[in-house]
Amino acid sequence: MPKTPKLSHHRRALLIAAGLAVTAVPFANAQGNEDIVIGGSIPMTGVFAFAGVGINAGIADYVKIVNDAGGIKGRKLRYVPEDTGYKVDVSVAAFKKITSQNKVNLYYGDSTGFSKTINPELERNGQILMAGASFATELNDSAKYPNQFLVGPDYTEQIGILLRHIAKEKPGAKVAFVYSDSEFGRDPIEASEAAAKKLGLTVPVKLMTPPGSVDVSTEVIKLRRAAPDYTIFHGYILAPIPEFVQQGKQMGMTSKWMGTFWTMDSSTVMKMGEGADGFMGVMPYRYYYDTSAKAPMLDKIRALRPEYQSTAYTQGFLTAMLFTEAARRTLDAGKPLDGKNLKASLNTIKDFDTGGLIGMPITVKGNSIPVGRVYKADMKAQKMVPASDWISLN
Amino acid sequence: MRIGTLKQSYTADAALFDSRTQKVWLVVGAALLVLFPFIASDYWLYLACLVAINVASATGLNILTGYTGLVSLGQAAFMGLGAYTVAIMQTRLGTPFLFNIAAGGIVAMLGGLVVGIPSLRVKGLYLAIATIAASFIAHFLFANLKLTGGTSGLSLPPAQFFGLPLDTSFRLYWVIVPVMLLMVLGAANLFRTRVGRAFIAIRDRDISAEVLGIPLLRYKLLSFGLSSFYAGVAGGLWAYFFRVVTPESFPLLMSIFFLAAIIVGGMGTILGGIFGAVFMTMVPELLKLVVDLLPGGVEMTVFLSPVRTVVFGLLIVGFLVFEPHGLAEVWRRIRRFFHLWPFRN
Amino acid sequence: MDWAYLFEIALTGIAGGGIYALAALAFVLVYKATRVVNIAIGEMLMAGAYLFFTFAASFSLPIWLAALGSVIGTGLLGAVIERTVIRPLLGEPPISVFMVTVGLASILVGLVEIIWTADQRRLPEFLPNAPVMIGDAFLAPKIAYGASIAVVLIGMVLLLFRFWRGGVALRATASDQAAAYSMGINVPRVFSLAWVASAMIAAVAGVIVGAIGGISSSMGVFGLSVLVVVIVGGLDSVLGALVGGLFIGLVEALAGAYLGGEYKLLATFIVLVLVLMVRPYGLFGTHEIERL
């Protein structure tokens, strides 16, 4: 009879221990508390990690500021995040876990996919107002997504701001779209093409790149043939934009290059290299190093965090600010904190001063805040400088 | 200690559960399953439903890869076929949910038959790569057809059971777990029949099987069809559970997950499919627990996702190197220990 | 019919295919010698690119030293992988070894994310910048130089296989292990050699791919296209890797240009299925005869 090797005893013991550990986890105990809970499915690892870490810090910092000032009518804010790695099923699991262990009234979601998946659950739950990292056009629909809102303009509005800028700078220009083959990328393209035509611009070509594609030279050749005056990239963070810009310049293209929110963080654009000098894009917030106007909140952030904070940080910070404002207005009106009331309070926000984080006072009429500004990259100064005034699409 | 199991008829010999202890444990298990939803929190119910769906799909893959020896990396694509079918039927036709799920299984089965056609010409790893190709073609269709809602996918209203919407994990548990149990029982029974034995013969040596008179193409196609039916039903349950189906919901990584699940659990055993699916679904939770317990707070969570990836890979490599027969083998050893006690060998 | 456009597209497609061919070569080397399908080839490529990034950007070494460091480092990685993970599974069914490489791929991706985080980065510029002109057609310089390096390397490997003792030993082990043993060839050493060589070539391919498209922890997905190339060319044929690579590069470019970006992957996979149906062992692969 073969002797069972010693290793298998250890392995067995390990497996039994692991099994027991799993089953020994206490079943949920919801903590009913005076705290107002902000739950978060945050992509702190994975492809969106640079944004997730920033968002997490932004929300946490604002919560700290509010709590240090005494909270909202004496009630403290509590921020409960979970890492999701930017995967929808992990996000949903995190949501279920956080909402089963806490009484959650405010939630931050990490992606378009998550926001859409969780919507029916949000409606059934009825207690939560949700915002997130997504600026998808589809979410900007108060009828279909009554418990959600976007902390800025949706992607179609963002490209709309860029198109308005183009129409002013060069009427009748040719604008090419280069976007990624994903939900993120495809979201605004159709509506943006229509918007371009309405502004008298032509769209000679729309190029879709497969996700994770390395070699874009065929696309660059097609782009060059279309000879656009402007090229708008959407659906990417960094790659493959630098390749397009570099090869395009090498082949003698004279197009100006533009991007949307998630490309436009200062550190991302600076990674594009010298060839991307003059890269433009839309950004609804002020950059960390912006000292062009009075911005008390920005000063506070700079005092709290001496090193550069990304626009993702600002996004998280602003989300927490709007959450707080909605909760405050609901409580001031003497209403209970549930999804409907919070959203209604959010929609009463008119000409609200964000402390300079957004360049003009904002109004949250529907599900988005269609305000933004066109910035240009100055590679020598390693900064993003404004290229237009603050544009509001309201 | 088990001394002897005497059987007096062929039916008794072929029975699935032959000892009294097994039957007692079965009753206890059933009682626990019935009791579970009343004592568990929403989060654990959610996990339980997810585990059940994964068990159903892993069992299907086990039929194809573990028992018939045809490596397939298309399980997620077949689940996608089932899920989309259910989504389309629920949103456009409003037919009852059990009907939709069955239809989803059938559509996935048809897909499986199509994918299985090359299996006579290509074998082994070439077949695996052909299934990867099939999975990409399916993804392309999901993302580009108007019918499937393109990249934004489809969202569907909850299943209706005589007017009662099945929109919580608690309610869905009562649909998902019985369906899963039926499917697992069906698979276990399959391998007591001639068809099941033919599958095993094909896995061991398909040329010899053909010499013995087993028509290869027919049985290989049957295996593909069955396993994709299982995947389709699991996909349909998935659709009712998450209520949003997008092309990104069924990536190649999911197929790899299922393949890893049956390897870790033990290929070629029904128990292996169950163990593997449960283990692989619960490992991320266990990891989260461990990371929570470690000192370091939020900074540690930054490592959670890559650590999860590394652990996933380590599990596959570890089990293949040290325990190629998987958790089922470990379980068998535990059982043998108890059967032989107080003797050692 | 715009011939100039077609020529331009075809040119860039074939050049891009040269890089596929290089990665396919790494794959074929391992398969030829050890009969292992290395799904982790994309991740080994990624490891090479990240090592180069660390040496060139974080340590600021000169480019040639960084490249050398990356190649040697990845070669070491290949040796370690072969010893710890592949060697113990020597007699196991091919599905097991295949799955081990799948697990390996996951481990490599996770390790890269832990050490370098999942952010996308760009490699420091080291390829010349002036566009390459063939007639009227533009060719992006990175692609042109990358393809040239690839072709040179493939040529070198083909020659080595024919004339160098090590190359002959590799071919001998590939065709009949038992006979190679009896001829006095140190078969385990040949295995290690194959993996180390494959890893080094993957590193070069990784540096080129990284130079073109930047590096990220999801770079390994490049391995899927390489898989198509080796199936089309033949799992154990070096010439097949070259021809298959150029062919698939061409198909991708044409599909992307005339049909649209979303059809690129679809076209390559349809080609894969067609080839599998007509010539299951690829264009140049050896027909496997199964004996009872």
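Reader: What share of the contacts in chain C with a separation of 6 or more comes from residues 24 or more positions apart?

Author: That share is 75%. Bear in mind that this is a predicted model. A contact here means C-beta atoms within 7 Å.

Reader: How do you know whether the size of chain C agrees with that of a compact globule?

Author: Set the value against the rule: for 292 residues a compact globule would have a radius of gyration near 19 Å, and chain C has 19 Å, so the two agree. Along its principal axes, the C-alpha trace of chain C spans about 60 × 50 × 35 Å.

Reader: And what percentage of chain C counts as buried?

Author: Of its 292 residues, 57% do. To be counted, a residue needs 20 or more other C-beta atoms within 10 Å of its own.

Reader: What is chain C built from, in helices and strands?

Author: Chain C has eleven helices and two strands.

Reader: Which residues have the most contacts inside the largest nonpolar core?

Author: They are B:Ile316, C:Ala23 and C:Leu25, in a core of 343 residues. Helix α8 (residues 187-213) of chain C is the element that gives the most to this core, with 19 residues. Chain A takes part too: at least three residues come from each of its domain 1 (36-153 + 294-363) and domain 2 (155-283 + 374-392).

Reader: What does C:Leu25 touch, leaving aside its neighbours within four places in sequence?

Author: C:Leu25 is in contact with C:Ile154, C:Val157, C:Ile201, C:Val238 and C:Ala241. As a general point, nonpolar side chains tend to be buried together in soluble globular proteins.

Reader: How many residues are in contact between chain C and chain B?

Author: 35 residues of chain C meet 32 residues of chain B. On the chain C side, the elements giving two or more residues are α4 (94-116), α9 (222-233) and α11 (263-278). Of these, α4(C) gives the most, with 17 residues.

Reader: What makes up that side of chain C by class: nonpolar, polar or charged residues?

Author: The side of chain C that touches chain B has 27 nonpolar, four polar and four charged residues.

Reader: Over to chain A. How far apart are the C-alpha centres of its domain 1 and domain 2?

Author: Those centres lie 28 Å apart. The contact takes 14 residues from domain 1 of chain A and 17 residues from domain 2 of chain A. On the domain 1 side, α4 (112-125) and α12 (311-332) of chain A are the elements that give two or more residues. By class, that side of domain 1 has six nonpolar, seven polar and one charged residues.

Reader: Why is strand β3 (residues 104-109) of chain A called largely enclosed?

Author: Six of the six residues of β3(A) are buried, so the rest of the structure largely encloses this strand.

Reader: What makes β3(A) and strand β1 (residues 36-42) of chain A a pair?

Author: Pairing asks for at least two bridges. Four bridges join β1(A) to β3(A), which run parallel, so the strands count as paired. Across this pair, A:Ile38 stands opposite A:Leu106 in β3(A).

Reader: Which sense, parallel or antiparallel, does β3(A) take with strand β4 (residues 129-132) of chain A?

Author: Parallel, over four bridges. A:Tyr108 has A:Ala131 in β4(A) as its bridge partner.

Methods: Residues are numbered from 1 along each chain as its sequence is written. Chains are lettered from A and ligands numbered from 1 in the order in which they are written. This is a predicted model: local features need pLDDT of at least 70, side-chain atom pairs count only at pLDDT 80 or more; totals for chains, interfaces and linings use all residues. A nonpolar core is a set of buried Ala, Val, Leu, Ile, Met, Phe, Trp, Tyr and Cys residues joined through C-beta atoms within 7 Å. A residue is buried if 20 or more other C-beta atoms lie within 10 Å of its own, exposed if 12 or fewer, and partly exposed in between; C-beta atoms are placed from the backbone. Domain bounds come from an automatic or database domain assignment. Two residues are in contact if their C-beta atoms, placed from the backbone, lie within 7 Å. The radius of gyration is taken over C-alpha atoms; the globule rule is 2.2 Å times the number of residues to the power 0.38. Ala, Val, Leu, Ile, Met, Phe, Trp, Tyr, Cys and Pro count as nonpolar, Asp, Glu, Lys and Arg as charged, and the others, Gly among them, as polar.
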